[in-house]
Amino acid sequence: GRARKTLIKTLTGHTRAVTGLVMLTETGHLLSCSLDGSLKVWNYTMGTVLKQFDHTQEIRCLAYRADQNEALVGTSEDSVLVFKLPDETRQMALASRRGSVMLDPPTLLGQLADELADLSVHLGDDKPNKPATGTTQTRSAVTVGRR
């Protein structure tokens, strides 16, 4: 039979679909990007956003360059943007050759399964929330669970 999966945590904050993740295992940080145009640096353990970068274009994919402590993102308007990350994301990443797991949308689940063998990841939209204004807003979430 199928292995039973248990949810570990849900990190919320993006307002549109999450399109990329990079886990910096040595520092405990997670980078996420979204169609909402944001790049977030998370304290994975605490589930809090340490830094957020906002852009007007949808962000479609994400990579991490450890030697320069930069996040590189691909946008919906055929651009590659480079963001300098806070120093705390780099402290221990350079101490190891395997300082990060680089993920892009087509290979996200396969690479996460390989790198984090006991975790599963679900990227997608949560149920729509109805704000006071009467408009519908959808919050996207990164959901991580144990097998």
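Select T56 to begin: T56 is found in the loop that joins strand 5 to strand 6 (59-65), strands being DSSP runs of E of at least two residues, numbered from the N terminus. With a relative accessibility of 79%, T56 counts as exposed; the classes are buried under 20% relative accessible area, exposed over 50% and partly exposed in between, with a 1.4 Å probe and protein chains only.

Residues are numbered from 1 along each chain as its sequence is written, and side-chain values use heavy atoms, with hydrogens and water left out.

Now select F53 and F83. Which angle do the planes of F53 and F83 make? The count of aromatic pairs is 1, where rings of Phe, Tyr and Trp (its six-membered ring) pair if their centres lie within 6.5 Å, and planes under 30 degrees apart are stacked, over 60 edge-to-face and the rest tilted. The planes of F53 and F83 stand at 45° with ring centres 5.0 Å apart, so the pair is tilted. Because F53 belongs to strand 5 (residues 48-54) and F83 to strand 8 (residues 80-84), the pair ties together parts that are 30 residues apart in sequence. Both F53 and F83 are buried.

The criterion is NZ of Lys or CZ of Arg within 6 Å of the ring centre and within 35 degrees of the ring normal. Then select K9 and Y44: the charged end of K9 sits over the Y44 ring, 4.3 Å from the centre.

Turn to C33 and C61. The sulfur of C33 has its closest cysteine sulfur in C61, at 7.0 Å, too far for a bond. The disulfide count is 0, a disulfide being a pair of cysteine sulfur atoms within 2.5 Å. C33 counts as buried, at 0% relative accessibility, whereas C61 is partly exposed, at 31% relative accessible area.

Finally, colour by pLDDT, the predictor's confidence in each residue, from 0 to 100. The mean is 74, and 57% of the residues reach 70 or more. Select residues 92-136, where pLDDT is below 50; beyond near neighbours in sequence, this stretch has 92 contacts in the model, contact meaning heavy atoms within 4.5 Å. Where pLDDT is low, predicted coordinates should not be read in detail.

Key
Predicted model: local features only at pLDDT ≥ 70, side-chain atom pairs only at ≥ 80, totals over all residues. Helix = DSSP H or I, 4+ residues; strand = E, 2+ residues; numbered from the N terminus.
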